[in-house]
Amino acid sequence: MRIVEKAQLMSAPEVDRTLHRLAHEIVEKIGGTKNLALIGIVRRGVPLAQRIAQAMRGIDGVDVPVGVLDITLYRDDLSKVAPQAVLRSSNISFGVDNMDLVLVDDVLYTGRTIRAAMNGLFDLGRPKRVSLCVLIDRGHREMPIEAQYVGRDVQTSDTEIIEVRLREIDKEERVVLVDRVE
Amino acid sequence: MTHRFRDLLALEPLTADELSFLLDQSKPFQEIQRHPLKKLATLRGKTVALAFFETSTRTRISFGTAASRLGADTMNLQAEASSLKKGETLLDTAFNLNAMKPDCLVMRHAASGAPSYVARHLDIPVVNAGDGTHEHPSQGLLDALTIRDRLGTIKDLNVTILGDILHSRVARSNIHLLGKFGCRFTLCGPAMWVPRELEKIAPGTPIRCVYRIEEGLEGADVIIMLRVQTERLDDPPLSANDYILLYQLNGERLRRANSQAIVLHPGPINRGIEITPDVADGPRSCVLEQVTNGVAVRMAILYLLISGATETDAHPALEAQPKESTNASD
C-alpha cells in the first residue's frame, strides 16, 4: 500500500486567513472575549488555538487564555490503539467553572476525540458553555457532535486522510488530502 | 519516542532513556492529582491484583489509589489473612490469583527475587512493589521525580543516603536509577549497616562509604534518609540514644549540605530518631511531595503495563497514518 497526495486543500496564507476569520466568528458569536478561553487538543489543535488567540488580541486587545488538553487518557479504544500511546502533558492553568470554552482541533472526523476531550474538561469543573472550532470538517461522524466554527468542509472517502501540516510542528504549512492506493 | 515494558521488576536493567520515559509519562498523572475530579475511566474494566506477602501500608494504599484513579478495580491479598499461613506455595498462590483473571499483579515479598520468579510463570504484567533487600522500583522512580521537580534535574548530583543501607531496597533502586544520570553517592551510617562492599553494587557509579555524618553531608545536593528499623537497633547492639547522637539529621547538621539541598524520606519517619521535627517539617523536606508523586508514578506504571499488554489489532485509522500524525485517529 502506498500513500499518494491527491490535492492541496489549503496553502499557508489560506490557513492564516481562515484562522483570522474563525477568530472573528468566535468573538462575534460569543459577544466579546470576557470569560472566553481556548482549549487546544494535543497535538495540532494547540498551535491552532494559540494562533486564534493571537488573532483575537488584534480584534479585542485582550489576551484570551489558551489551555492544552491531551485526550489520550480519555480515549475509548485503549485496547485498539498502538500500544502505550505516549502521553503528553495537559496544561490548563485557569479555572474552567462558568467559562465559555472553545475546543480547537485540526480535523473533525468521527467525533470520538471531541467526546474524549469533553470528558477531560468536565473533570476540571463545570464550564458555562463548550463549543468546537476545527480547521477541517471531513464528515463521517460516529458521535452526535458538530463544530460551531469550521474552517472548511471537505467531502472525503473512508480511505482518504487529511494531513494538516503546521509550521510549529511540521516545518511546513499546508493542508493536503492523501489517499491509500494498492 | 516510546518504550515498551512487559513487567517492572527492577530499575537496574533499565537504560537512562527508559527511566526518563517513565518519569516523563508520570507528569500527566501529577496533573491529575490536582484536578477536582481525580478519577479517569482509562482502565475501566481492568483489574489489578495487589498481593502484599509482606505488610505495607503506604505502598499498598498508593497502588490501590493509583488503580482506582485509573478506573481499574483491585483485588487484595494481605499476608496476615492469606492462605500462605496454611502452607500454600508462592507459585500456587500466584496461580490462584491469576485464575481470577486480573490484568496486572502488583507484588511485595520479603524474599529478594520473588516477583521475578512469579513473573516468569505468569502471562500478565508483574510490578515489584518491594522485594527483600533487592529493589523497590516505584519508590526509586517517585524519588527521582520529586528531585527533578525540586532541583530541575537529576543529572550529576551529589546524593547522600543515610541509615541502614545494607537492608534497604529503596537505597538500591535509588542508586541504580540516579547512577545512570551521573549522580555520585555517599553512603553514611553505622559500619554494620554500611559495609564497604556496597561501593561495588553499581559498576561505573561513584559510591563511597563514610561513617561520620558531618563528612557524609558535606556538599550534598540530595539527602535520602532511610527509616531506622528500630527492631534492628538491638542486633548488633546500638542504642537508639547512640544512633541519635551519631546519625540523627538535625538542623545544625543539615547546614553542612549545599544551601539548596533537599531531604527525602520513604517513610514512615521516626520523629526524634533519625530525623528531627524541624527538618522533617522544614522547607527542605520533600516527604509529603514524595507521597503525592507516588500515586502519579504508580498510575503511569499501571497505565503503561496494562495498555501495553492489551494490544490487539492496530486501529484501522492509525495503521494508515504516516508516523506521528494523529488527525485521522479522531
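Is the crossing of α5(B) and α6(B) left-handed or right-handed? The crossing of these two helices is right-handed, and the legends below, which describe a predicted model, begin with that pair.

**Figure 1. Helix α5 of chain B crosses helix α6 of chain B.** The axes of α5(B), residues 137-151, and α6(B), residues 169-178, come within 8 Å and cross at roughly 55°. Because of that angle, α5(B) is oblique to α6(B), and the crossing is right-handed. On the side of α5(B), the contact is made by P137(B), Q139(B), G140(B), L141(B), D143(B) and A144(B), while α6(B) brings V170(B), S173(B), N174(B), H176(B), L177(B) and L178(B). Sorted by class, the contact of α5(B) with α6(B) holds six nonpolar, five polar and one charged residues.

**Figure 2. Helix α5 of chain B also packs against helix α11 of chain B.** Here the axes of α5(B) and α11(B) are 8 Å apart, and the helices pack at an angle of about 120°, which means that α5(B) is oblique to α11(B). The crossing of α5(B) and α11(B) is right-handed. From α5(B), the residues S138(B), L141(B), L142(B), D143(B), L145(B) and T146(B) meet E289(B), Q290(B), N293(B), G294(B), V297(B), R298(B) and I301(B) of α11(B). In the contact of α5(B) with α11(B), five residues are nonpolar, five are polar and three are charged.

**Figure 3. Two domains of chain B touch one another.** The domain assignment of chain B gives domain 1, made up of 16-135 + 291-313, and domain 2, which covers 137-289. Between the C-alpha centres of domain 1 and domain 2 of chain B there is a distance of 26 Å, and 21 residues of domain 1 are in contact with 19 residues of domain 2. On the side of domain 1 of chain B that touches domain 2, at least two residues are supplied by each of α1 (16-32), β4 (126-131) and α11 (287-309) of chain B. Helix α11(B) gives the most to this side of domain 1, with seven residues. The residues on this side of domain 1 of chain B divide by class into eight nonpolar, nine polar and four charged.

**Figure 4. A four-stranded open sheet of chain B has parallel pairing.** Reading across this sheet of chain B, the order of the strands is β2-β1-β3-β4. The strands β2 (73-78) and β4 of chain B stand at the edges and have a single partner strand each, so one side of each is left without a neighbour in the sheet. From one strand to the next, the twist averages 15°. Within the sheet, strand β1 (residues 47-52) of chain B and strand β3 (residues 104-109) of chain B run parallel and are joined by five bridges, and L50(B) stands opposite V106(B) in β3(B). Helix α2 (residues 58-69) of chain B lies across β1, β2, β3 and β4 of chain B, and its direction runs at about 175° to β1(B).

**Figure 5. A five-stranded open sheet of chain B is paired in parallel as well.** The order of strands in this sheet of chain B is β7-β6-β5-β8-β9, and the edge strands, β7 (207-210) and β9 (262-264) of chain B, each pair on one side only. Neighbouring strands of this sheet are turned by 20° against each other on average, direction ignored. Strand β5 (residues 158-162) of chain B pairs with strand β8 (residues 222-225) of chain B in the parallel sense over four bridges, and the bridge partner of V159(B) in β8(B) is V222(B). Helix α5(B) packs on the sheet, where it touches β8 and β9 of chain B, and its direction makes about 165° with that of β9(B).

**Figure 6. Backbone geometry in three loops.** Most residues other than glycine have a negative phi, and most peptide bonds are trans. In chain A, a cis peptide bond joins V42(A) and R43(A), with omega about 5°, and R43(A) lies in the loop between β2 (36-41) and α2 (45-60) of chain A. A cis peptide bond joins G267(B) and P268(B) too, with omega about -5°, and P268(B) has its place in the loop between β9 and α10 (277-280) of chain B. N35(A) is not a glycine, yet has a positive phi of about 60°, and N35(A) is found in the loop between α1 (12-30) and β2 of chain A.

Definitions and conventions. Residues are numbered from 1 along each chain as its sequence is written. Chains are lettered from A and ligands numbered from 1 in the order in which they are written. This is a predicted model: local features need pLDDT of at least 70, side-chain atom pairs count only at pLDDT 80 or more; totals for chains, interfaces and linings use all residues. Axes are lines fitted to C-alpha atoms, for helices over the stretch in contact, and angles run from 0 to 180 degrees between N-to-C directions. Angles under 35 degrees count as roughly parallel, over 145 as roughly antiparallel, 65 to 115 as roughly perpendicular and the rest as oblique. A crossing is left-handed if the near helix is turned anticlockwise from the far one by less than a right angle, and right-handed if clockwise. Two residues are in contact if their C-beta atoms, placed from the backbone, lie within 7 Å. Ala, Val, Leu, Ile, Met, Phe, Trp, Tyr, Cys and Pro count as nonpolar, Asp, Glu, Lys and Arg as charged, and the others, Gly among them, as polar. Domain bounds come from an automatic or database domain assignment. Two strands pair if DSSP finds at least two bridges between them.
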